[in-house]
Amino acid sequence: MILRKLIIATVAGFILSACGSGSNANAEQKKDSLAEAGTNGPVEYAQNEAISPDKALPIVIDFNATWCGPCQRFAPIFTETAKEYKGKAIFMSVNVDNSPEAARQFEVSAIPQVSILMPDGTISSTVGFMDKTQFTEFLRKAIP
C-alpha cells in the first residue's frame, strides 16, 4: 500500500512538473526577458531547469555557491565584467545548490566554474578562481 502511494505521488509529480513548464510562448517570453536583463549585468538564475542557448548572444554562466569562498571572491569580478561586456553576451549567475539541473547540464563537478554557451550550442568551461585579467582573457577566446 505504501509503495503504491509512493508510485502515484511520483507519477503525479512528473505530470505536474511537465505541465507546469507552460507554453512555448511563455518560454520564449522568459528567454527574451533573460536576454534583455542579461545585457545590463549578471542575471541570478533561480530556475531548476536546463539552460538553452540564446539565438544571438553567448551566455556566460558563473556556477557558484554561497558557502564557496573563491566563488564569493570572484562574484564582483564577474559583475564588473558583465557590465563591460554589455550587448556582447548575457551573464548569468547560477547557485548550484538552488539549480542542480543546470549544474548537471554543464557537468559541474567543482566550483567556481565559468561556462560560455555559444548560440550554436558549443560550450567552453574553466574551473577555479580567476582574477580580472584571467577572466577577460578567457572571454576574449570565445567572444569577439
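This is a predicted model: local features need pLDDT of at least 70, side-chain atom pairs count only at pLDDT 80 or more; totals for chains, interfaces and linings use all residues.
**Entry 1: the aromatic cluster**

I started with the rings, and found that ring pairs link Phe 74, Phe 78, Tyr 85, Phe 91 and Phe 135 into a cluster. In total I have 6 aromatic pairs for the structure. I picked one of them, Phe 78 with Phe 91, and looked at its geometry: the pair is edge-to-face, with 5.3 Å centre to centre and 65° between the planes. An angle over 60 degrees is what counts as edge-to-face, so the 65° settles that label.

What does this pair tie together? Phe 78 lies in helix α3 (residues 69–84) and Phe 91 in strand β3, so the pair ties together parts that are 13 residues apart in sequence.

**Entry 2: charges over rings**

While I was on rings, I looked for charged side chains above them. Lys 88 lies over the face of Tyr 85, at 5.6 Å from the ring centre. Tyr 85 is also one of the residues in the cluster from my last entry. Elsewhere, I found the charged end of Arg 73 over the ring of Phe 129, 4.3 Å from the centre of that ring.

How many residues of β3 are buried? I get 6 of its 6, so by the 20% cut-off the strand is mostly covered.

Which strand pairs with β3? Strand β2 (residues 59–64) does: 6 bridges join β2 to β3, and the two run parallel. I noted one facing couple, Ile 59 opposite Ile 90 in β3.

**Entry 3: two serines**

I looked up two serines one after the other. Ser 93 is in strand β3 (residues 90–95) and is buried, with a relative accessible area of 8%. Its side chain has a polar contact of 2.9 Å with the side chain of Asn 64.

Ser 109 sits in the loop between α4 (100–105) and β4 (113–117). Is Ser 109 buried or exposed? With 73% relative accessibility, Ser 109 counts as exposed. I also checked Ser 109 against Val 127: they are 18 residues apart in sequence and 9.0 Å apart in space, C-alpha to C-alpha.

**Entry 4: the disulfide**

Last stop, the cysteines. The structure holds 1 disulfide. Cys 68 and Cys 71 form it, and I have their sulfur atoms at 2.4 Å apart. That passes because the cut-off for the sulfur pair is 2.5 Å.

Why is the disulfide of Cys 68 and Cys 71 right-handed? The torsion about their S-S bond is about 75°, so the disulfide gets that label. I checked burial for each cysteine as well. Cys 68 is buried at a relative accessible area of 6%, and Cys 71 counts as buried at 1% relative accessibility.

Conventions. Residues are numbered from 1 along each chain as its sequence is written. Side-chain values use heavy atoms; hydrogens and water are left out. Buried means under 20% relative accessible area, exposed over 50%, partly exposed in between (1.4 Å probe, protein chains only). Helices (H or I, at least four residues) and strands (E, at least two) are DSSP runs, numbered from the N terminus. A polar contact is a pair of N or O atoms within 3.5 Å; within protein, one must be able to donate a hydrogen and the other to accept it, and residues adjacent in sequence count only if both atoms are side-chain atoms. Rings of Phe, Tyr and Trp (its six-membered ring) pair if their centres lie within 6.5 Å; planes under 30 degrees apart count as stacked, over 60 as edge-to-face and the rest as tilted. A charge sits over a ring if NZ of Lys or CZ of Arg is within 6 Å of the ring centre and within 35 degrees of the ring normal. Two strands pair if DSSP finds at least two bridges between them.
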